[in-house]
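Thanks for coming. I will walk through one structure today, one topic at a time. Please look at the sequence and the model first.

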Amino acid sequence: MNEKQRLENTQVNPSDKKSAKDYSKYFETVYMPPSLKDAKKRGKEEVKYHSDFKIDEQFRGMGDGRKFYIRTYGCQMNEHDTEVMSGIFMALGFEPTDSVEDANVILLNTCAIRENAENKVFGEIGHLKALKRERPDLLIGVCGCMSQEESVVNKILSKHQHVDMIFGTHNIHRLPYILQEAYLSKAMVVEVWSKEGDVIENLPKVRKGNIKAWVNIMYGCDKFCTYCIVPYTRGKERSRRPEEIIQEVRHLAAQGYQEITLLGQNVNAYGKDFEDIQYGLGDLMDEIRKIDVARIRFTTSHPRDFDDHLIEVLAKGGNLVDHIHLPVQSGSTEILKIMARKYTREQYLELVRKVKEAIPTVSLTTDIIVGYPNETEEQFEETLSLYREVGFDSAYTFIYSPREGTPAAKMQDNVPMEVKKERLQRLNAVVNELSAQKLKEYEGKVVEVLVEGESKNNPDVLAGYTRKSKLVNFKAPKSAIGKLVKVKIIEAKTWSLNGEMIEEVAEVK
Ligand code: 5AD
Ligand code: SF4
């Protein structure tokens with residue numbers, strides 16, 4: 001669809017008769033609501049790459065004398081999208097602000113992964129109503145994963161009319177058009193494409209900080225784990241071309257960034273969509289490790305596509321860190337099957353064995369969901385035993401949250417919430433026990449820390465992370481910020497390490 005057809009199509013979504021009737025008053029402006037049904041489709045269409053993004057002349061100066069504020073919820077992908085939207089705002093002449101009171105445009109970049117994430121956003125939308133009443137010329141926008149859900153858009157349309165614009169994860173590059181439309185019209189602007197197969201390069205970015213940077217390597221997910229909304233909100237798997245990624249990482253290294261995290265919903269599927277080349281995550285990491293940057297990470301991995309070539313490359317070490325986040329979700333083969341994870345407990349353990357054999361110092365972290373529909377006590381105990389067997393360093397743990405439109409949300413569930421909460425507590429006790437044990441082993445040892453700044457709780461102390469992502473607090477001169485330093489660990493706390501700086505490892509470039 002070209003731009004003209006797209007704009008013609010934005011008036012009404014013919015497949016959405018109910019919304020069309022209910023919200024006919026909005027049709028005087030852009031009204032293109034999402035459809036989970038469309039978002040589910042996966043076609044064979046080729047991925048189109050656009051590298052001609054530019055701010056149209058008509059928008060220049062739109063932001064002069066105006067300020068923007070973006071509140072970001074959820075994962076690193078969202079954090080990075082916020083950096084892109086900040087880049088677009090700045091290119092339009094807007095200035096950033098840290099205060100909602102000062103802002104002329106407020107965006108909520110939302111997360112849909114669990115119900116409590118969505119509740120927080122609705123709470124915030126409610127709070128902003130008073131501000132909008134005081135300053136009617138303030139623009140309020142909702143973007144990110146929640147805006148890809150029909151139910152969310154309908155709720156905002158019917159209950160939160162002080163919102164001026166809703167736009168989707170595939171519409172970020174359209175921000176100048178959406179802002180203009182919102183300035184010109186009194187009605188709510190809704191522009192959410194449900195099915196986008198494109199990769200847009202050359203988008204401006206304003207990165208948070210100058211020490212660590214995120215780089216997208218792919219977008220979307222085709223795994224469709226039965227509990228997960230991401231394949232619907234982020235669309236089909238599309239990989240960026242290796243040369244674009246390598247160029248971006250080189251550029252960041254030249255600017256002095258010390259740590260790069262390669263991002264994707266399922267980075268192990270990187271390259272599977274290329275039709276002209278056979279090129280995977282292992283190949284990409286093998287090239288990126290040659291770039292002069294101190295640390296390279298990637299997230300998030302799916303065990304299913306974690307191949308031997310990648311393990312072989314990671315074992316080369318150097319700037320490739322020996323920390324892998326490898327979500328397992330459950331230790332029960334039966335639950336994994338219902339989740340459609342496409343691996344068994346034994347296959348996961350075998351992968352862990354291979355990784356540990358190739359990288360003996362590796363630290364593994366994971367994500368776990370407890371209280372899946374009909375999860376039995378025995379199945380839950382298999383998760384506990386797998387956790388100990390792998391010996392994870394730590395984990396993000398969650399109670400299963402039904403997401404409308406996903407297959408799991410339709411399942412009957414006989415596990416009471418009380419039981420789910422109790423299982424989460426029991427799992428967290430094991431997570432904390434192992435994490436404390438791992439941290440205790442650091443006492444007396446020397447670690448390499450990338451110094452990020454002052455500690456949150458004590459400005460006299462600096463804080464940074466080790467290669468294995470352990471938080472370290474230590475006394476050192478402020479001139480150490482942004483550098484790699486050696487720190488001797490004095491004491492292990494529950495979640496962090498305290499130490500003393502010994503020496504600097506490297507000069508800032
Ligand atoms: N309920 C609970 N946790 C979820 N996650 C994804 N979807 C859900 C859901 N519906 C968790 C998974 C994933 C992490 C990012 O969030 O563990 O790895
Ligand atoms: Fe969701 Fe990750 Fe599964 Fe994709 S691989 S569906 S993002 S949990």
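**Cysteines**

Start with Cys-143, whose sulfur is 9.9 Å from the closest cysteine sulfur, the one in Cys-145, and that is too far for a bond. Before going on, note that this is a predicted model. A disulfide, for anyone who wants the reminder, is a covalent bond between the sulfur atoms of two cysteines. How many disulfides does a search of the whole structure find? It finds zero. Cys-143 is buried, with a relative accessible area of 1%. Cys-225 is buried as well, at 7%.

**Aromatic pairs**

Next, the rings. The structure holds 11 aromatic pairs. One of them is formed by Phe-68 and Phe-89, and this pair is stacked, with 4.5 Å from centre to centre and 5 degrees between the planes. Where do the two residues sit? Phe-68 belongs to strand E3, residues 67-72, and Phe-89 to helix H4, residues 76-91, so the pair ties together parts that are 21 residues apart in sequence.

A second pair to look at is Tyr-372 with Tyr-400, which is edge-to-face: the centres are 4.9 Å apart and the planes are at 65 degrees. Tyr-372 lies in the loop between strand E16 (363-370) and helix H14 (377-390), while Tyr-400 lies in the loop between strand E17 (394-399) and helix H15 (417-440), so this pair ties together parts that are 28 residues apart in sequence. Tyr-372 counts as buried, at 0% relative accessibility. Tyr-400 counts as buried too, at 6%.

There is also a cluster: ring pairs link Tyr-343, Tyr-348, Tyr-387 and Phe-392.

Two arginines lie over ring faces. Arg-66 is over the face of Tyr-183, 4.0 Å from the ring centre. Arg-174 is over the face of Tyr-177, at 4.5 Å from the ring centre.

**Helix H7**

Now to a helix. In H7, residues 175-184, the buried residues are Leu-175, Pro-176, Ile-178, Leu-179 and Ala-182. Why do they line one face of the helix? Seen down the axis of H7, the buried residues fall within an arc of 165 degrees, so they line one face. What covers the buried residues of H7? The cover includes helix H4, strand E5 (105-110), strand E6 (139-144), strand E7 (165-167) and strand E8.

**Tryptophan 193**

E8 brings us to the next residue. Trp-193 is placed in the loop between strand E8 (189-191) and strand E9 (198-200). At 5% relative accessibility, Trp-193 counts as buried, because the cut-off for that is under 20%. From Trp-193 to Pro-303 is 110 residues in sequence and 30 Å in space, taken from C-alpha to C-alpha.

**Serine 239**

Ser-239 lies in strand E12, residues 238-239. Is Ser-239 buried or exposed? Ser-239 is buried, with a relative accessible area of 0%. Which side chain does Ser-239 join by a polar contact? The partner is the side chain of Asp-273, at 2.5 Å. If neighbours within four places in sequence are left aside, the residues in contact with Ser-239 include Tyr-49, Val-199, Ile-217, Met-218, Ala-269 and Tyr-270. Gly-271, Lys-272, Asp-273 and Phe-274 are also among its contacts.

**Backbone details**

Thr-299 and Thr-300 are joined by a cis peptide bond, with omega about 5 degrees. Thr-300 is found in the loop between strand E14 (295-299) and helix H11 (308-314).

Asn-202 has a phi near 65 degrees, which is a positive value in a residue other than glycine. Asn-202 is placed in the loop between E9 and strand E10 (212-216).

Phe-224 also has a positive phi, near 50 degrees, and is again a residue other than glycine. Its place is in the loop between strand E11 (218-219) and helix H8 (230-233). Phe-224 is partly exposed, with a relative accessible area of 22%.

Key. Residues are numbered from 1 along each chain as its sequence is written. Chains are lettered from A and ligands numbered from 1 in the order in which they are written. This is a predicted model: local features need pLDDT of at least 70, side-chain atom pairs count only at pLDDT 80 or more; totals for chains, interfaces and linings use all residues. Side-chain values use heavy atoms; hydrogens and water are left out. Helices (H or I, at least four residues) and strands (E, at least two) are DSSP runs, numbered from the N terminus. Buried means under 20% relative accessible area, exposed over 50%, partly exposed in between (1.4 Å probe, protein chains only). Rings of Phe, Tyr and Trp (its six-membered ring) pair if their centres lie within 6.5 Å; planes under 30 degrees apart count as stacked, over 60 as edge-to-face and the rest as tilted. A charge sits over a ring if NZ of Lys or CZ of Arg is within 6 Å of the ring centre and within 35 degrees of the ring normal. A disulfide is a pair of cysteine sulfur atoms within 2.5 Å. The arc is that of the directions from the helix axis to the C-beta atoms. Contact means heavy atoms within 4.5 Å. A polar contact is a pair of N or O atoms within 3.5 Å; within protein, one must be able to donate a hydrogen and the other to accept it, and residues adjacent in sequence count only if both atoms are side-chain atoms.
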